[in-house]
Amino acid sequence: MAPDNPGNTTMLHDPARHEPLRTMAWDEARVRATIARIVDETVAAFTPDGLWPVHPRDVESGEDPDAPVTNLYYGAAGVIWALDWLRAAGAAKSPSFAPYLDPLRQRNRAAVAAMPGDNTGSWLMGDLPFEMMAWGHAPTGPLRAVRADTIAALIERNIDHPARELMWGSPGSLLAAAMMHGASGDARWAALFRRIAQRLREQLQWSQRHACHYWTQDLYGRQSRYIDAVHGFVATARALLLGRHLLPEADWLQWQACIETTVAHTAVRDDGRATWPCQIDEPPGTPQKWLMQYCHGAPGFVICLADLPGHALDALLTAAGEATWAAGPLAKGSNLCHGTAGNGYAFLVLLARTREPRWRERARAFAMHAIAQFEDETARVGRLRHSLWTGDVGLAIFLWDCLRERAQFPTLDVFFAAPVTGMSAASAKA
């Protein structure tokens, strides 16, 4: 088992990656105005050919800064999903961009085809979310049935993807199967969920050092042993939790014991706080990055385990929330994946699990700080950051969830919005 941190609290996070919390009173009017601004400016920035301009922070070395990005994670598909969700939730008014989904999927398919391997079924980067959004918009009948067949085929072809993590591999397909079953009740999705869960069980490995299970990911040309909330163990746990009712009770109880053991045995604790390293079983002496954000570290563990049954990990999740609060807002900005809004979701989860008012106040404090970060960044760059997981529409959803005090992390906890009504973006621009 991982030892407790011997007395140095700052070991749980890298202070250079964080900034002091700005003290601002909760301002509901400012929160609502920020949501409206993000939605209005996002709609106005769209063009059919250029989609949304790419933010400098989302351009990797060697990439064309003017090339539109199409995927769900940080591209146009995620922006369309977010606008649909906010409109259906009553958070803001916007046209529907559903007519652009099919041509957008074709552009995304070309981008994915240029990558090594078969990644068409990827949850955050491939065809799968495009088809699911299109299925959600399709009227009941033959067209929707064809969409469902395509989704099922994408899930099946991804079962043995070597990544074994949420972004690219079968855990993302597991999440999609659970969401499709929740939306349709069709037994085919339950059967696919059980098949993927069984394959993942067969692929588990054992850590002698930590006395727990984990997965190895073949990812980006190398093997990793991530345990985090995107590429690692706890993200897969999230997908299993979402569809646990689709498993035989005995199977779920085995999974729950596996999840609880790995989460407990890999935690690093110090003075009432806790977090997790990025990877398990790193060779002794290997430097670890002590990240405190959704994609690596305590906040993602809290979020992914939001509805874990029972109380076995309650104290540990509370300690993880305390570590998130002690670290303060992230200097990278206001986004979900590695920003202040993503960390704030951990407080909303703990509010739901404990009903303790301090978590409400902390979520609101991070929300106000994130608004200030958003305003500063937008003024500096001159435009919004148009993406879901790394940008401003993700912040808008977090702000909306703070208003209604619900912890529903976008495309992780929820996917299908209410039926779309009103004009389309295409007709609005006609």
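This is a short talk about one predicted protein model, from its overall build down to a few residues.

Two ground rules before I start. Residues are numbered from 1 along each chain as its sequence is written, and side-chain values use heavy atoms, with hydrogens and water left out. Since this is a predicted model, local features need pLDDT of at least 70 and side-chain atom pairs count only at pLDDT 80 or more, while totals for chains, interfaces and linings use all residues.

Let's look at the whole thing. The protein has 15 helices and six strands. Both are DSSP runs, numbered from the N terminus: helices are H or I with at least four residues, strands are E with at least two. The radius of gyration is 21 Å, close to the 22 Å that the globule rule gives for 430 residues, so the protein is as compact as a globular protein of that length. That radius is taken over C-alpha atoms, and the rule is 2.2 Å times the number of residues to the power 0.38. Along the principal axes, the C-alpha trace spans about 65 × 50 × 45 Å.

How much is buried? Of the 430 residues, 58%. Buried means under 20% relative accessible area, exposed means over 50%, and partly exposed is in between (1.4 Å probe, protein chains only).

Now contacts, meaning heavy atoms within 4.5 Å. Take those between residues at least 6 apart in sequence: 72% join residues at least 24 apart.

Next, helix α4, residues 128-137. Eight of its ten residues are buried, so the rest of the structure largely encloses this helix. Among them are Phe 130, Glu 131 and Trp 135. What covers them? The cover includes α2 (76-89), α3 (101-113), α5 (142-157) and α6 (170-184).

Zoom in on Met 133, which sits in α4. Met 133 is buried, at 5% relative accessible area. Leaving out residues up to four places away in sequence, Met 133 touches Ala 77, Trp 81, Leu 101 and Phe 415. Glu 165 is 32 residues from Met 133 along the chain, and their C-alpha atoms are 22 Å apart.

Last stop: backbone angles in two loops. Leu 51 lies between α1 (28-45) and α2. Its phi is near 55°, a positive value in a residue other than glycine. Is Leu 51 buried or exposed? Leu 51 counts as buried, at 6% relative accessibility. Then there is Arg 164, in the loop between α5 and α6. Arg 164 is not a glycine, yet has a positive phi of about 50°.
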